[in-house]
Amino acid sequence: MVRNALSIPLATTLLAALCPSALRAQSTNAAKIASAMAAAPASIAKDATIIDRADASGKMTLLRQGTNGWTCMPNSPKSKYVLNNAMCMDANFAEFLAAMRARKQPALKAMGVSYMLTGDQWVSNTTPSAKGPKPDNDWHHVFANIMIAYPHRSSLAGLPVKPTSKGAYVMWAETPYAHVMLPMK
């Protein structure tokens, strides 16, 4: 046991000396996995697949294979409007998100759920592609939340479309990507 304990620091030291970029990638991936796992309840995150956010070419890298059907992504690099957007979603919400990224009509067969329990970002409540505030895009601050995508838009009827921290509201109501936001704060 002591021999194994000594070999890990020695291996890490050798790895750092011989290939410092491999050690940086390892710690970067560990940080990304931790960021992604923080987005959902531990009972879901512990067995979720972890994928990295898409790179410039749209490629998403597998960081850890999961077993429970959930997929988590780490926070994007921090920016003026995004402090934390790590998320963890079930397969249905992943389909919803994939359709949105491809600018296609979502074809959900069942409700989809996504957690953003560490959420802290500014977004438009009317325009999915908005990168900043405009007079007509209802720019607002979103903290920790749960998102629910429904297969039938009629499920959203009667819900408020104005962002609030006091209860559920519909985000992107006039788009194919309308979904319910449940603020956690």
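This is a predicted model: local features need pLDDT of at least 70, side-chain atom pairs count only at pLDDT 80 or more; totals for chains, interfaces and linings use all residues.

User: OK, so is D52 buried or exposed?
Analyst: D52 is buried, because its relative accessible area is 14%.

User: And what does D52 form a salt bridge with?
Analyst: With K32; the closest N and O atoms are 2.5 Å apart. A salt bridge here is a side-chain nitrogen of Lys or Arg within 4 Å of a carboxyl oxygen of Asp or Glu. K32 is partly exposed, at a relative accessible area of 25%.

User: Where do K32 and D52 lie?
Analyst: K32 lies in helix 2 (residues 20-37), while D52 is in the loop between strand 1 (49-51) and strand 2, so the pair ties together parts that are 20 residues apart in sequence. Helices (H or I, at least four residues) and strands (E, at least two) are DSSP runs, numbered from the N terminus.

User: How many salt bridges does the structure hold?
Analyst: Three. Another one joins the side chains of D47 and K46, at 2.9 Å from N to O. D47 is partly exposed, with a relative accessible area of 29%, and K46 counts as exposed at 51%. There is also a salt bridge between K162 and D138, where the closest N and O atoms are 3.3 Å apart. That pair links distant parts of the chain: K162 sits in the loop between strand 9 and strand 10, and D138 in the loop between strand 7 (120-124) and strand 8 (139-142), 24 residues apart.

User: Switching topic: how many helices and strands are there?
Analyst: The protein chain has four helices and eleven strands. Eight strands make an open sheet with mixed pairing, in the order 2-1-3-5-6-9-11-10. Two strands pair if DSSP finds at least two bridges between them.

User: Which strands are at the edges?
Analyst: Strand 2 (62-64) and strand 10 (169-171), each pairing on one side only. Strand 10 runs antiparallel to strand 11 (residues 179-183), with three bridges joining them. In that pairing, Y169 stands opposite M181.

User: What about strand 9, how many of its residues are buried?
Analyst: Five of its five residues are buried. Both faces of strand 9 are covered, with N145, M147 and A149 on one side and I146 and I148 on the other. In general, side chains in a regular strand alternate between the two faces of the sheet.

User: Which way does strand 9 run against strand 6 and strand 11?
Analyst: Strand 9 is antiparallel to strand 6, with five bridges between them, and antiparallel to strand 11, with four. S114 stands opposite M147 in strand 9, and the bridge partner of I146 in strand 11 is L182.

User: Which strands does helix 4 lie across?
Analyst: Helix 4 (residues 91-101) lies across strand 3 (71-73), strand 5 (87-89), strand 6 (112-116), strand 9 (145-149) and strand 11, running at about 115° to strand 5. Contact means heavy atoms within 4.5 Å. Axes are lines fitted to C-alpha atoms, for helices over the stretch in contact, and angles run from 0 to 180 degrees between N-to-C directions.

User: Last topic: how many aromatic pairs are there?
Analyst: Four. Rings of Phe, Tyr and Trp (its six-membered ring) pair if their centres lie within 6.5 Å; planes under 30 degrees apart count as stacked, over 60 as edge-to-face and the rest as tilted. Take W70 and Y115: their ring centres are 5.8 Å apart with the planes at 40°, so the pair is tilted. W70 is in the loop between strand 2 and strand 3 and Y115 is in strand 6, 45 residues apart. Both W70 and Y115 are buried.

User: And how far apart are F93 and F96?
Analyst: Their rings are 5.2 Å apart centre to centre, with 50° between the planes, which makes a tilted pair. F93 and F96 are three residues apart in helix 4, so about one helical turn separates them. Both F93 and F96 are buried, and together with Y177 they form one aromatic cluster.

Terms used:
Residues are numbered from 1 along each chain as its sequence is written. Side-chain values use heavy atoms; hydrogens and water are left out. Buried means under 20% relative accessible area, exposed over 50%, partly exposed in between (1.4 Å probe, protein chains only).
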